[in-house]
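Please look over the notes below with the model open beside them.

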Amino acid sequence: INAKELSTFENVIFKNLKNPNKGNWQLMGALNFYNSPIEINTIKLQNITAEDTINLINTHGIIKKGFFEDVSSDAIDSDFSNLVVENTEFKSIGGDAIDTSGSIVTLSDVLIENAKDKGISAGEDSQVSINNIEIKDSFIGVAVKDLSNLDSKEMILTNNSYGVVAFQKKPEFGPGRIIIK
C-alpha cells in the first residue's frame, strides 16, 4: 500500500492462497497492490480462492510470463491502473481472466482457456489494447462496456458461448467500442 519503490516478483510460485481477512477487515485479492508500482516476471499462481487473484488499484505495473490456473474468481482485477500483461496464460478461471475498470491495459501474447465468465472484461472507461491473444472454451471471449474502448490485432476466439459483446451497463456511462483487426 502506497509503496514508494517498485515491488518486484521474479520466479515465484503461489499455491493455495486465499484473500486476507481479519475480523471485519478483508481484502479482495490474494495479492493486493494499492497505489504501488509492480513488476512481475515468471510467476505461477495456482489453486487460488479469492475474489481476485491479483487486485490492482491505482497501480502501474507489468506482468510477464504469468501462469494462472484453477482460480476461484477473477485472475487479474485492474481498477484505475496502468498495466501491461505479456506472455501470460490463464486456465480454468472461475470468473474473468482480466477485469478492468477505469484502466489502461496492454495485452500481448496471451492465452485464456476456460474462463467461466469473461476472458477480458473492459469496463468504466477502460482503454485496452491487444496484440496476439487467444481465448477459447470460455463463456464470453471479450466484453466491452461503459465507455470503454478495445483495440485488437490478431485475436483468435474459439468455442466460446459468446465471442465479443459491447454494451452500456451503467446509466452514467455510454456504450463500449471495439475495433478488431
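1. A30 is buried, with a relative accessible area of 13%; buried means under 20% relative accessible area, exposed over 50%, partly exposed in between, with a 1.4 Å probe and protein chains only. A30 sits in strand β4, residues 29–34. Strands here are DSSP runs of E, at least two residues long, numbered from the N terminus. Contacts of A30 beyond four places in sequence are L17, K18, N19, P20, I48, A50, D52 and T53, where contact means heavy atoms within 4.5 Å. From A30 to I62 is 32 residues in sequence and 18 Å in space, C-alpha to C-alpha.

2. On provenance: this is a predicted model, in which local features need pLDDT of at least 70, side-chain atom pairs count only at pLDDT 80 or more, and totals for chains, interfaces and linings use all residues. Residues are numbered from 1 along each chain as its sequence is written, and side-chain values use heavy atoms, with hydrogens and water left out.

3. N32 also belongs to strand β4. N32 is buried at 17% relative accessible area. Its side chain reaches the backbone oxygen of G29 at 2.6 Å. That is a polar contact: a pair of N or O atoms within 3.5 Å; within protein, one must be able to donate a hydrogen and the other to accept it, and residues adjacent in sequence count only if both atoms are side-chain atoms. Leaving out neighbours within four places in sequence, N32 touches P20, L27 and N55.

4. S73 lies in the loop between β7 (60–71) and β8 (74–79). Is S73 buried or exposed? S73 is buried, at 14% relative accessible area. The S73 side chain reaches the backbone oxygen of E51 at 3.2 Å. Residues up to four places away aside, S73 touches A50, E51, I93, G94, G95 and D96.

5. Two backbone angles deserve a look. Most residues other than glycine have a negative phi. D125 is not a glycine, yet has a positive phi of about 65 degrees. D125 is in the loop between β12 and β13 (127–136) and is partly exposed at 40% relative accessibility. N159, also not a glycine, has a positive phi of about 60 degrees. N159 is in the loop between β15 (149–158) and β16 (162–167), and is exposed at 60%.

6. The largest nonpolar core has 39 residues. Such a core is a set of buried Ala, Val, Leu, Ile, Met, Phe, Trp, Tyr and Cys residues joined through side-chain atoms within 4.5 Å. Which members touch the most others? They are I54, F90, L107, I112 and I133. Beyond four places in sequence, I133 touches L107, V110, I112, I120, E154, M155 and I156.

7. The largest pocket holds about 150 Å³ of space. A pocket is an open set of points on a 1 Å grid over the protein atoms alone, where a 1.4 Å probe fits, with protein on both sides within 12 Å along at least five of seven lines; lining residues have an atom within 4 Å of a point. The volume is the space filled by probe spheres set on the points. The lining includes D96, D99, K118, E124 and K170. Strands β10 (98–101) and β12 (118–123) each give two or more residues to this lining. By class, the lining has no nonpolar, 4 polar and 8 charged residues.

Key. Helix = DSSP H or I, 4+ residues; strand = E, 2+ residues; numbered from the N terminus. Nonpolar A, V, L, I, M, F, W, Y, C, P; charged D, E, K, R; others polar.
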